[in-house]
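Reader: Could you take me through one part of this model with some care, from the wider layout down to the packing?

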Amino acid sequence: MSAANGTGAVTPPAAPSGVSVAGVAGRVLRGLAWAGQRLWLLAALLVLWEVLARQAGSLFIPPFSTIVTAFADTWLSDRLVALFLSDQFLADVLPSLARLGAGYGMATVIGVCGGIVLGVWRQAGAFFNPLIRLGMAVPVTMLLPVAIVIFGITSGMNIFLIALGCLWPILVNTYDGIRGLDTTMTTAARSLRLSPRRHFLSVLLPGASPSIVAGMRISVGIGLVLMVISELFAATAGLGFFIVNQQKLFRFPELWSAILLVALLGILLNGIFELAERSVLRWHRAAKAGAGDRR
Amino acid sequence: MRARGGPVDDTSGKGTRPVATGERTRPQAPDTPGTGPDTSSGQAAGTGGRGRGPLPAWVLGGAGVVTMFVCWDLVVRLGVISPDSVPPPADTMVRLAELLADASFLGQVLQTLLAWLVSMLLASAVGVPLGLVLGYFATLYRPASALVHAARSIPSSAFLPIVILLFGLGLQMKVSLSAYAVFWPILLNAMYGVRDAEPLMLTAGRAMGWGRGRLLARIVLPSAAPAIATGLRVACSTALIVVLSAELLGATSGVGTVITTYQEAQRPDYVYAGILIIGVLGMLIYYGVNLAERLLVPWGHAQRGADR
């Protein structure tokens with residue numbers, strides 16, 4: 001993944017000059033140095049894996065290079081039309097991602113709306129509090145057997161579990177966000193006699209959004225875990241299904257390539273979320289910095 | 001005051017989430033008089049017509065639980081869902097009592113808890129010291145945090161088939177999978193905790209001629225302790241989930257296997273009773289850990305409150 005970058009760390013940045021080409025080169029070098037500083041440990045560990053796995057010769061844990069080859073064979077193709085993705089990718093990864101998206105989307109809508117209602121309407125909050133506590137405490141995977149009875153082995157089962165697992169952090173974080181709003185702010189808003197709509201859109205929602213986004217971010221990871229688990233347990237297509245199948249066929253490089261793909265998906269989703277969080281909440285950071293935040 | 005807060009106390013839920021983003025942005029429930037019950041008395045009168053001031057939170061909460069049972073009963077009685085898939089609540093309660101009196105079931109619960117405990121001990125015994133080291137040395141911190149963020153994004157469940165092949169279906173398999181899953185949040189929080197040590201205090205310590213050991217013991221560790229505690233608390237819930245998932249998907253002992261057995265025997269009443277018991281167990285662990293955190297690192301909560 002990053003062996004090439006490891007060399008970049010030692011290259012000194014190019015001397016600044018008037019020519020723009022040199023400027024570009026310097027920027028590239030600096031970028032390489034940046035990546036190298038961060039990724040050398042990862043690269044070193046992967047090399048270590050390669051060496052150890054070659055020596056051990058275990059059937060279950062193949063060398064990393066074998067996994068990468070299997071990854072390219074299984075998930076990538078040379079067709080531009082399919083964005084260089086293989087049929088296997090379209091057959092297994094797309095259903096998984098669709099389930100994840102559907103479940104996560106439902107959880108976000110229900111969680112944010114429910115959290116706002118419970119946060120604003122205190123009686124409802126107290127009413128549902130023990131139930132929410134219990135719901136959070138039950139590990140969602142324990143509902144797998146029950147969900148299969150209710151939904152059968154369908155995508156609906158996977159979506160239900162993903163949605164339920166993602167729901168709690170979003171719901172509770174939204175609630176917290178509304179509840180934790182600065183009292184001076186809400187009092188000020190009340191004394192300004194804002195219309196309910198204005199109050200909601202310009203006080204409640206912006207004030208709670210950092211907390212809401214934090215909850216949504218936690219849920220992405222949970223959703224990914226549940227996507228894989230629910231498909232391992234029962235599915236007719238999808239990444240988890242693929243993993244189980246390869247295990248039964250004793251095709252371990254392919255199995256590991258699926259794990260690698262899940263890992264890359266996780267890193268990608270996290271990265272996307274981090275970027276989105278940074279751009280959506282830029283005002284929040286600016287406000288905090290302006291308020292003389294000590295950190 | 002505490003009871004009425006609703007699910008305020010914690011956002012961490014089940015996530016394997018680092019302290020850095022969520023914890024900082026999370027507002028603490030304000031315990032100022034402004035949130036007192038008097039502000040909502042009008043709504044209380046409106047909702048129930050009870051008129052005499054607000055009801056205490058536990059009454060409403062109890063009403064919520066009762067309502068859920070009534071709704072559950074109605075749904076089953078009216079035949080919205082067939083009793084084959086969802087049993088009536090009364091049956092479930094009877095089974096719940098039966099299970100709680102059943103020694104072999106309790107033995108399986110202990111098996112689950114044992115796997116949970118061993119994996120927690122293992123992951124924290126390695127994760128906390130390693131995190132302290134990685135956080136303390138700036139040259140190691142950056143590459144390590146990139147690595148940890150990458151590893152943390154991998155759902156542990158994807159490793160389940162491999163782990164089963166490597167370790168079989170016993171305790172070892174559950175422990176290794178769960179320890180892997182909780183290792184990252186523990187490590188990451190320890191790293192962040194050390195990084196968060198106030199530079200001014202470190203400089204002051206150095207100016208007083210303190211050695212490295214003394215700096216660590218007097219400044220770095222106390223300021224890292226709240227973050228470490230947060231990591232451990234998050235890990236406690238995650239470890240339970242992972243252990244139970246491993247039991248569902250193939251293990252020879254534990255509550256998860258009991259539930260799958262009843263599922264295969266088409267006894268949904270036992271399945272639901274088991275799930276309820278696990279839910280209560282999860283709640284007990286959650287509150288226990290929260291309490292322990294408050295007792296062991298009291299300055300952590302105070303600090304977080306002051307942060308806002």
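Reader: Into which domains is chain A divided?

Author: This is a predicted model, in which local features need pLDDT of at least 70 and side-chain atom pairs count only at pLDDT 80 or more, while totals for chains, interfaces and linings use all residues. Residues are numbered from 1 along each chain as its sequence is written, with chains lettered from A and ligands numbered from 1 in the order in which they are written.

Chain A is divided into domain 1 (3-57) and domain 2 (87-290), bounds that come from an automatic or database domain assignment. Taken over C-alpha atoms, the centres of these two domains of chain A are separated by 35 Å.

Where chain A meets chain B, the contact (C-beta atoms, placed from the backbone, within 7 Å) takes 67 residues from chain A and 66 residues from chain B. Among the elements of chain A that give two or more residues to this side are helix H2 (20-56), helix H9 (196-233) and helix H11 (252-280); helices are DSSP runs of H or I, at least four residues, numbered from the N terminus. By class, the side of chain A has 46 nonpolar, 15 polar and six charged residues (Ala, Val, Leu, Ile, Met, Phe, Trp, Tyr, Cys and Pro count as nonpolar, Asp, Glu, Lys and Arg as charged, and the others, Gly among them, as polar).

Within chain B, helix H11 (residues 255-264) and helix H12 (residues 268-296) pack at about 160°, with their axes 8 Å apart; axes are lines fitted to C-alpha atoms over the stretch in contact, and angles run from 0 to 180 degrees between N-to-C directions. H11(B) is therefore roughly antiparallel to H12(B), a label for angles over 145 degrees. B:Val255 and B:Tyr262 of H11(B) are among the residues making the contact, as are B:Tyr270 and B:Gly274 of H12(B).

Terms used: Two residues are in contact if their C-beta atoms, placed from the backbone, lie within 7 Å. Angles under 35 degrees count as roughly parallel, over 145 as roughly antiparallel, 65 to 115 as roughly perpendicular and the rest as oblique.
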